[in-house]
Amino acid sequence: KDVFDRALGAYRIKVAGVTHDTSAFGSKYDPSNPAANAKGYVQTPNVNPVTEMVDMDEAQHDYQANLDALDAARGMVLKTIDLLNNP
């Protein structure tokens, strides 16, 4: 969540909480696998690589947008200081 920091005049990101993923694990029939249960099924991860890649790409774009906004704000402050120093 965003929390406005008045002392710095900037936004900070704070994690509101961490939850467990309750989606079901997949299963694959592989009786020769040592991790197989009594029926011969092995649990597979419930992670979808496509979803993870999209989330990672979105986070990267958000980070880059924040850096660009920071650079723009810094540039405006420097121009303002320059205008105040050279009337």
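This is a short chat about the predicted model shown above.

Reader: Where do I start? How many helices and strands does the protein chain have?
Author: It has one helix and four strands. Remember that this is a predicted model.

Reader: What pattern do they follow along the sequence?
Author: Read along the sequence, the pattern is β-β-β-β-α.

Reader: What happens at the start of α1?
Author: Look at asparagine 48 there. A side-chain oxygen of asparagine 48 comes to within 3.1 Å of the backbone nitrogen of valine 50.

Reader: Where is asparagine 48 found?
Author: Asparagine 48 is in the loop between β4 (41–44) and α1.

Reader: And why does asparagine 48 count as partly exposed?
Author: Its relative accessible area is 41%.

Reader: New topic, charges. How many salt bridges does the count come to?
Author: The count comes to one salt bridge. The side chains of aspartate 71 and arginine 74 meet in it, at 3.5 Å from N to O.

Reader: Where do aspartate 71 and arginine 74 lie?
Author: Both lie in helix α1. They are three residues apart, about one turn of the helix.

Reader: Tell me about leucine 67. Where is leucine 67 found?
Author: Leucine 67 is in helix α1. Leucine 67 counts as partly exposed because its relative accessibility is 31%.

Reader: Now a strand. Where is the place of serine 27?
Author: Serine 27 sits in strand β3, residues 26–29. Serine 27 counts as exposed, at 55% relative accessibility.

Reader: What is serine 27 in contact with?
Author: Leave aside its neighbours within four places in sequence. Serine 27 is then in contact with Tyr41, Val42, Gln43 and Thr44.

Reader: And how far apart are serine 27 and proline 45?
Author: They are 18 residues apart in sequence. In space they are 8.6 Å apart, C-alpha to C-alpha.

Reader: Zoom out. What share of the chain is buried?
Author: Buried residues make up 3% of the 87 residues. The accessible surface comes to about 8,100 Å². Carbon and sulfur atoms hold 59% of that surface.

Reader: Last one. What share of the contacts comes from residues 24 or more positions apart?
Author: Such residues account for 2% of the contacts with a separation of 6 or more.

How values were computed: Residues are numbered from 1 along each chain as its sequence is written. This is a predicted model: local features need pLDDT of at least 70, side-chain atom pairs count only at pLDDT 80 or more; totals for chains, interfaces and linings use all residues. Side-chain values use heavy atoms; hydrogens and water are left out. A polar contact is a pair of N or O atoms within 3.5 Å; within protein, one must be able to donate a hydrogen and the other to accept it, and residues adjacent in sequence count only if both atoms are side-chain atoms. Helices (H or I, at least four residues) and strands (E, at least two) are DSSP runs, numbered from the N terminus. Buried means under 20% relative accessible area, exposed over 50%, partly exposed in between (1.4 Å probe, protein chains only). Contact means heavy atoms within 4.5 Å. Accessible areas come from the Shrake-Rupley method with a 1.4 Å probe; for residues, only the protein chains shown count as cover. A salt bridge is a side-chain nitrogen of Lys or Arg within 4 Å of a carboxyl oxygen of Asp or Glu.
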